[in-house]
Amino acid sequence: MIKPTTQVPELELPLINDTRWSLHSQKSNTFTILVFYRGLHCPVCKKYLQALSEKLKDFSERGVHIIAISGDSEERAKKAGTEWNLGELPVGYGLTTETARKWGLYISNKISDKEPDEFSEPAIFLIRPDNTLYASSIQSMPFTRPNWDDILNAIDFVTKNDYPARGGE
């Protein structure tokens, strides 16, 4: 498990817009948020990422960089980006199980033909510009994810009050 205030692993992935993304090259003013999602097969992920795509401007105004990440193949990730109408939301794909485990994500095996053989469950990580973990929410199921407005309000409070990361012990 990655603890708050500790360095996070480097993460590099291809994006559905045919570019590459690297966590350690992000130059956010406040946070980089990694949104790990289950993949194209997940209707809860679709709704969650659509809601996020509608809030991108709000996050950008706060100096936050965001990426959605899954273990999907290029084809499946591009299909999700298009069919889910995710707009300008950066979508990374090809997350390996090994890398997902480094981030402390839960791994599930398929229970239907719609699912990949193996995939990671959802999580959100708020990373400081110095590549240390500020906060995380890691789920073992597709349900009960943090609300985007709650996260925006938390970012406002944290930046206004210089609130420290908690839970590092």
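The model is predicted. Its largest nonpolar core has 28 residues, and the salt bridges come to nine.

**The nonpolar cores**

- Another core, of 19 residues, lies apart from it and includes Leu34, Ile67, Leu95 and Trp103.
- Not counting residues up to four places away in sequence, Leu49 touches Val35, Tyr37, Ala68, Trp84, Leu86 and Leu89.

**A buried threonine**

- Thr30 sits in the loop between strand S2 (20-22) and strand S3, and counts as buried because its relative accessibility is 12%, under the 20% cut-off.
- The side chain of Thr30 reaches two backbone oxygens: that of Arg62 at 2.8 Å and that of Gly63 at 3.3 Å.
- Leaving aside neighbours within four places in sequence, the contacts of Thr30 include Val64, Ile127, Arg128, Pro129 and Thr159.

**Salt bridges**

- Side chains of opposite charge can pair when their charged atoms come close.
- Asp18 forms a salt bridge with Lys78, with the closest N and O atoms 2.7 Å apart.
- Asp18 lies in the loop between strand S1 (12-14) and S2, and Lys78 in helix H3 (residues 74-83), so this pair ties together parts 60 residues apart in sequence.
- Asp18 is exposed at 58% relative accessible area, whereas Lys78 is partly exposed at 25%.
- Asp18 and Lys78 also belong to a salt-bridge network with Glu74.
- Lys55 pairs with Asp149 in a salt bridge, where the closest N and O atoms are 2.7 Å apart.
- Because Lys55 lies in the loop between H1 and H2 and Asp149 in helix H5, the pair ties together parts that are 94 residues apart in sequence.
- Asp72 forms a salt bridge with Arg76, with the closest N and O atoms 3.1 Å apart; Asp72 is buried at 3% relative accessibility, while Arg76 is partly exposed at 24%.

**The surface patch**

- Phe143 is found in the loop between strand S9 (133-138) and helix H5 (148-161), and is partly exposed, with a relative accessible area of 46%.

Key. Residues are numbered from 1 along each chain as its sequence is written. This is a predicted model: local features need pLDDT of at least 70, side-chain atom pairs count only at pLDDT 80 or more; totals for chains, interfaces and linings use all residues. Side-chain values use heavy atoms; hydrogens and water are left out. Helices (H or I, at least four residues) and strands (E, at least two) are DSSP runs, numbered from the N terminus. Buried means under 20% relative accessible area, exposed over 50%, partly exposed in between (1.4 Å probe, protein chains only). A nonpolar core is a set of buried Ala, Val, Leu, Ile, Met, Phe, Trp, Tyr and Cys residues joined through side-chain atoms within 4.5 Å. Contact means heavy atoms within 4.5 Å. A polar contact is a pair of N or O atoms within 3.5 Å; within protein, one must be able to donate a hydrogen and the other to accept it, and residues adjacent in sequence count only if both atoms are side-chain atoms. A salt bridge is a side-chain nitrogen of Lys or Arg within 4 Å of a carboxyl oxygen of Asp or Glu.
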